[in-house]
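Work through the exercises below with the model open. Each task is followed by a solution in steps.

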Amino acid sequence: MDLASVNEELAEIDGQIGDILRALQNGFQKLDKIKDPNRRSRQLEELTDKMRDCKRLIKDFERVSKDEVGRTDPETAKMLHDRKQSMIKELNSYVALKKQYASENKRIDLFDGPSVEDDYGEENVLLASNMTNQQLMDQGNQLMDGTDQAIARSKQTVQETINVGTETAAALKAQTEQMSRVINELDSIHFSIKKASQLVKEIGRQVATDRCIMAMLFLIVAGVIAVIVVKIVNPHNKDIPNIPGLAPPVSRRLLR
């Protein structure tokens, strides 16, 4: 049965485990051809890292399989269980090979830590030469456990850095959106100010026109009033024509 039809995540994990197991097979085959102890030690370290990754992926496979058990039929559940057991068995065989090669490789270079002084390095060599194979393996396992813990701390630090980076990116995105809103509001304010300026100019032109008209009307009315006043005061003035609609003045006669 194809795992992709059951769960795509299971199929992906299965493919990764298969790649690592094939890499372990090729790595141990190359290890037989390596004669230099230092190169054998480095090769064993690389294979140990791959086995650690494979173990982690098998745990992920088991976790996803447990989630799928309640949603699949018994035959599929048995198939997933058998597949997990097969991967564990194959990985255990490589673990046993690794222990065998580690016991055969008795050079202390595999277990040396970073030394500051030559005397300290020589002391480590003397101590290691007095150890049995089992003690050397135990020492190597302790060093690998320490390496695992250091890797776990490094992963935690990387995860914390990723979280800080994610929060910073979110804050920058929020600030960018806020700046965009502010810019849009400033554009709206600038547009409103421009329209208001145009409106003020139009009102100013209308007021100036109205003032001119009112001044002309005032002059016309003042002129008419002046003519009327002069005509009334001096009705016999021939230089001023009669105003249409205005009756001529009545001559007064004195009674005797």
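For sorting residues by class, Ala, Val, Leu, Ile, Met, Phe, Trp, Tyr, Cys and Pro count as nonpolar, Asp, Glu, Lys and Arg as charged, and the others, Gly among them, as polar. The model is predicted.

**Exercise 1. The largest pocket**

Task: Describe the lining of the largest pocket by class, and state which element gives the most to the lining.

Solution: 
- Start with the volume. The largest pocket has about 670 Å³.
- Find the centre. The lining has 22 residues, and Thr48, Met51, Arg52, Lys55 and Asp148 are the closest to the pocket centre.
- Assign elements. Helices H3 (37–69), H4 (74–104) and H6 (133–233) each give two or more residues to this lining.
- H3 gives the most, with nine residues.
- Sort by class. The lining holds 11 charged, eight nonpolar and three polar residues.

**Exercise 2. The span and packing of H2**

Task: Then state what its buried residues pack against.

Solution: 
- List the buried positions. These are Leu10, Ile13, Asp14, Ile17, Gly18, Ile20, Leu21, Leu24, Gly27, Phe28 and Leu31.
- Recall the helix repeat. An α-helix has 3.6 residues a turn, so residues three or four places apart point the same way.
- Find the partners. The buried residues of H2 pack against helix H1 (3–6), H3 and H4.

**Exercise 3. The aromatic cluster**

Task: Which residues form the aromatic cluster? Classify each pair by its geometry.

Solution: 
- Count the pairs. The structure holds two aromatic pairs.
- Take Phe28 and Tyr94. Their ring centres are 5.7 Å apart and their planes lie at 5°, so this pair is stacked.
- Phe28 sits in helix H2 and Tyr94 in helix H4, 66 residues apart.
- Take Phe28 and Tyr101. The centres are 5.9 Å apart, with 25° between the planes, and the pair is stacked.
- Phe28 in H2 and Tyr101 in H4 are 73 residues apart.
- Check burial. The cut-off for buried is under 20% relative accessible area. Phe28 has 4% relative accessibility, so Phe28 counts as buried. Tyr101 has 10%, so Tyr101 counts as buried. Tyr94 is buried as well.
- Phe28, Tyr94 and Tyr101 form one aromatic cluster.

Technical notes: Residues are numbered from 1 along each chain as its sequence is written. This is a predicted model: local features need pLDDT of at least 70, side-chain atom pairs count only at pLDDT 80 or more; totals for chains, interfaces and linings use all residues. Side-chain values use heavy atoms; hydrogens and water are left out. On a 1 Å grid over the protein atoms alone, a cavity is a set of points where a 1.4 Å probe fits but cannot get out, and a pocket is an open set with protein on both sides within 12 Å along at least five of seven lines; lining residues have an atom within 4 Å of a point. Grid points are joined across faces, edges and corners, and a volume is the space filled by probe spheres set on the points. Helices (H or I, at least four residues) and strands (E, at least two) are DSSP runs, numbered from the N terminus. Buried means under 20% relative accessible area, exposed over 50%, partly exposed in between (1.4 Å probe, protein chains only). Contact means heavy atoms within 4.5 Å. Rings of Phe, Tyr and Trp (its six-membered ring) pair if their centres lie within 6.5 Å; planes under 30 degrees apart count as stacked, over 60 as edge-to-face and the rest as tilted.
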